[in-house]
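Dear colleague,

I am passing on the structure below, and after it I set out what was found. Please read the notes with the coordinates open beside them.

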There are 2 protein chains.
Amino acid sequence: MKIFPVIMAGGSGTRFWPLSRRDRPKQFLALVGDLPMLAATVRRLPPLARPADTYVVCGPAHAAAARKLLRDLPAANFVVEPCARNTAPCVGLAALHVAAREKRGIVAMLPADHHVARPEAFREAVAAAARLAEAGAIATIGIRPHAPETGYGYLKVGARLPGKGKAASHAHKVERFVEKPDVVTAARYLADGSYLWNSGIFVFRADVILEEIRRAMPVLGEQLSVIQASLGTPSHRRVLARVFPDCPSISIDYGVMEKSQRIVVVPADFGWSDVGSFAALPEVRETDHLGNVAEGDALVIDGRNNVVLANGKRPVAVVGIDDAVVVDAGDAVLVVRRDRAQDVRKVVEELARRGREEVL
Amino acid sequence: MKIFPVIMAGGSGTRFWPLSRRDRPKQFLALVGDLPMLAATVRRLPPLARPADTYVVCGPAHAAAARKLLRDLPAANFVVEPCARNTAPCVGLAALHVAAREKRGIVAMLPADHHVARPEAFREAVAAAARLAEAGAIATIGIRPHAPETGYGYLKVGARLPGKGKAASHAHKVERFVEKPDVVTAARYLADGSYLWNSGIFVFRADVILEEIRRAMPVLGEQLSVIQASLGTPSHRRVLARVFPDCPSISIDYGVMEKSQRIVVVPADFGWSDVGSFAALPEVRETDHLGNVAEGDALVIDGRNNVVLANGKRPVAVVGIDDAVVVDAGDAVLVVRRDRAQDVRKVVEELARRGREEVL
């Protein structure tokens, strides 16, 4: 079964400042292993999918960097959005490209900046989802939760699919999507056992998702039809630049998935993390015996559960502090309490307000 | 009354790393105002004493820097110890130099790295101590405590001096010297009212201190006599280099003051601080309305009572943390909890162990 992975690399998050910058967002950082997260995302696909069938969707500011990073992929497989319009238009645009190659081609939408500890199990889950997609479902992958995470959306698992065979054996209907819960609700979900983390991974046939978009978001459906008519013609770029910015900026979850009757979920457990902030690094990286993640010229004395990234070619000493994040990016330094790591965006906002373009 | 201030600038402390280094110890740092502490110490003396009468004692590694910093002082007033031997030999050597100019010259020994918020009150206290010294006393200045400080030594105040006149009116005998207490004892001292902080400032006649040294530390007395005989001769430097390293490494407090019957104390209150570590900076520097000391390109968001010194020509952002010290010295970064600031020396020890000479 041929799968067309489409990697969504349009993110421009600010929660990894000062490592991340406007021209080097999270997906270009090697936050977990030696590879930038985008490269690791592509690397873990074979033998499930071939580089020739793998697509990357990103913004114009990052297209050159993405091409340079992913030399195995054909140039035509880099789909450049003229501007960011959330995931619904992104998915629609990607589906057009796949449909141009195979009308009923199976698309696996993958975030570019998530970590997977066990790639083999990941590929098995995507393959199971692909078998369901082949039969017309929109299959998402739900991660079995092991903590009351408030940073993830959840899926409420519904009835088990009736079909026989390996593909359907572990799959369920999705009863509903749930927004990021508070910690009490998250604990209830964890105890309940019928909630899964929404991994943001969706697998579907190109023709199916385009049909679902036309049903749930008719305006976007029309806009995609205009773009589709231009695909492969000299006017495509001009049409895309005219039409795409007008597309509604809505997530595929909200715009389509939550309204679709075709949604099924494959529960899985492959060491997934969305690596949402520096605070997540101790969960996905090696720590010392006191729980510290230390990188580069870092020196931690009498400290536990710290994240110290000394990338500035100079020593960074941390003494008598627990649960802190200390990042030296060379041209900027950040110190933040680990449980406030998501507030790093406030620094970026303040630096932007002060016009400090050189460190944004 | 002529006073010969002698500034003890031989310190090589490590508690201000990474700002302080072997070749730039604390007294050369502008920790409080715009001036390096040594320069501020000299600057606050006039009109109490003249630059021509002011001496600086330091080690060979810092003599050139001290001369460069203090161009008002005659070259002959820089007394270079061949090696550090604590304060008793330092005081003895300084007294020899002053005695060579005036046998009964009044010497005011002053640490080079303390802060004084009210110089006028400081000069008044030293002048009062000098009047007592003129009459043969060894006068120390005791600071009225306003907190149960565990980082300072204390003086137990004894009987009020019987003499009349302004000089004696506020002076007391010293009942005893007390080592740095624990916090319970310090609180008791504070409540008691008869304990003062030992400022480390001593005022005495050159002939008196030399006599007291000979009485309490006869070996050092002999060694000083050998050095004294060479003063002003071509062989002085050679004699000093031979004799001084053999002098006992003992503090003047322990070696002489605590055994002397001539000790009196002038209670005073001139906004004194020994600025013992980064943790002391909020007490002696301007803070923002949340108690933060911020210097250079520092950005504190949702944080209180932090010390953020961004001296590295790049932004240092601190988010969601209280009571932290963050120092960027350009070629090294330090993060330490404020109440652990004295443990910065552990970093220096560890870097020394690793042979990181370039940042020591």
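**How the two chains are related**

Please bear in mind that the model is predicted; the predictor assigns the complex an ipTM of 0.89 and a pTM of 0.90, while chain A has an average pLDDT of 95, with 98% of the residues scoring at least 70.

**Where they meet**

In the interface, 30 residues of chain B are in contact with 30 residues of chain A. On the side of chain B that touches chain A, at least two residues each are supplied by strand S13 (298-301), strand S15 (316-319), strand S16 (324-328), strand S17 (333-337) and helix H12 (344-353) of chain B. Sorted by class, that side of chain B comprises 19 nonpolar, 1 polar and 10 charged residues. Because 100% of the interface residues of chain B are also interface residues in chain A, the copies meet through the same surface.

**Strand pairing between the chains**

Which strand of chain B pairs with strand S15 of chain A, and in which sense? Strand S15 (residues 316-319) of chain A pairs with S17(B) in the parallel sense, over 4 bridges.

Methods. Residues are numbered from 1 along each chain as its sequence is written. Chains are lettered from A and ligands numbered from 1 in the order in which they are written. This is a predicted model: local features need pLDDT of at least 70, side-chain atom pairs count only at pLDDT 80 or more; totals for chains, interfaces and linings use all residues. Two residues are in contact if their C-beta atoms, placed from the backbone, lie within 7 Å. Ala, Val, Leu, Ile, Met, Phe, Trp, Tyr, Cys and Pro count as nonpolar, Asp, Glu, Lys and Arg as charged, and the others, Gly among them, as polar. Two strands pair if DSSP finds at least two bridges between them. pLDDT is the predictor's confidence in each residue, from 0 to 100.
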